[in-house]
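Here is a short report on one protein model. Look over the sequence and structure first, then read on.

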Amino acid sequence: MSRRVATSAYKITLLFYLTLLSSTIFAQTTTLRGKVLDPKQQPIAYATVVVAADSLLSHDIRYAITNSSGEFVVKQIAKTSPELWLSIRSIGFIPYLHRFAQHDFPSSLTITLPEEGAKIQELKLSTNDIK
């Protein structure tokens, strides 16, 4: 009897791993490569690149950080939803957010981020002596 139980457990375990392997093999994924530049066409290092299935960037998230050349690679992006959202952010630049239909999602792209317009013209500091 214990031999039958062991054989059944082995078969169930084997079936589980074969199912897991087949879903991994047939899952549709893609890779996005790109470059992030500033308005002077200089690379932006350490920008955050996020690909998600929704505009809130909360489902099926994949991300990357740009290198010193502004280049990034986002791997294993699941193509299970009808649309994918791309967000690129870096301090001092206006964030980029774009929706792509699943069938129009690019494999590579170059994005230029505009600089934020808020600049301090003049800063005055004063102290009040309290007596």
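## Strand pairing

Four bridges join β2 to β3, and the two strands run antiparallel. Strands here are DSSP runs (E, at least two residues), and helices are runs of H or I of at least four, numbered from the N terminus. Two strands pair if DSSP finds at least two bridges between them. T48 has I65 in β3 as its bridge partner.

The open sheet has four strands in the order β3-β2-β5-β6, with antiparallel pairing. β3 (62-65) and β6 (96-101) are the edge strands, each pairing on one side only. From one strand to the next, the twist averages 15°.

## Surface patch

Y46 lies in the loop between β1 (29-37) and β2 (48-52). Y46 counts as exposed because its relative accessibility is 64%; the cut-offs are under 20% for buried and over 50% for exposed, with partly exposed in between (1.4 Å probe, protein chains only).

Y46, I61, Y63 and I65 form a nonpolar surface patch, with about 480 Å² of accessible area together.

## Confidence and basis

This is a predicted model: local features need pLDDT of at least 70, side-chain atom pairs count only at pLDDT 80 or more, and totals for chains, interfaces and linings use all residues. Residues are numbered from 1 along each chain as its sequence is written, and side-chain values use heavy atoms, leaving out hydrogens and water.

The protein chain has a mean pLDDT (the predictor's confidence in each residue, from 0 to 100) of 83, and 75% of its residues reach 70 or more. Confidence is lowest in helix α1 (residues 2-26), at a mean of 59. Confidence is highest in strand β7 (residues 108-112), at 95. Where pLDDT is low, the predicted coordinates should not be read in detail.

Terms used
Patch = residues over 30% accessible without salt bridge, like charges linked within 9 Å, V, L, I, M, F, W, Y side chains within 5 Å. Areas by Shrake-Rupley, 256 points an atom, 1.4 Å probe, with all protein chains shown as cover. Salt bridge = Lys/Arg side-chain N within 4 Å of Asp/Glu carboxyl O. Axes fitted to C-alpha atoms, helices over the stretch in contact; angles between N-to-C directions.
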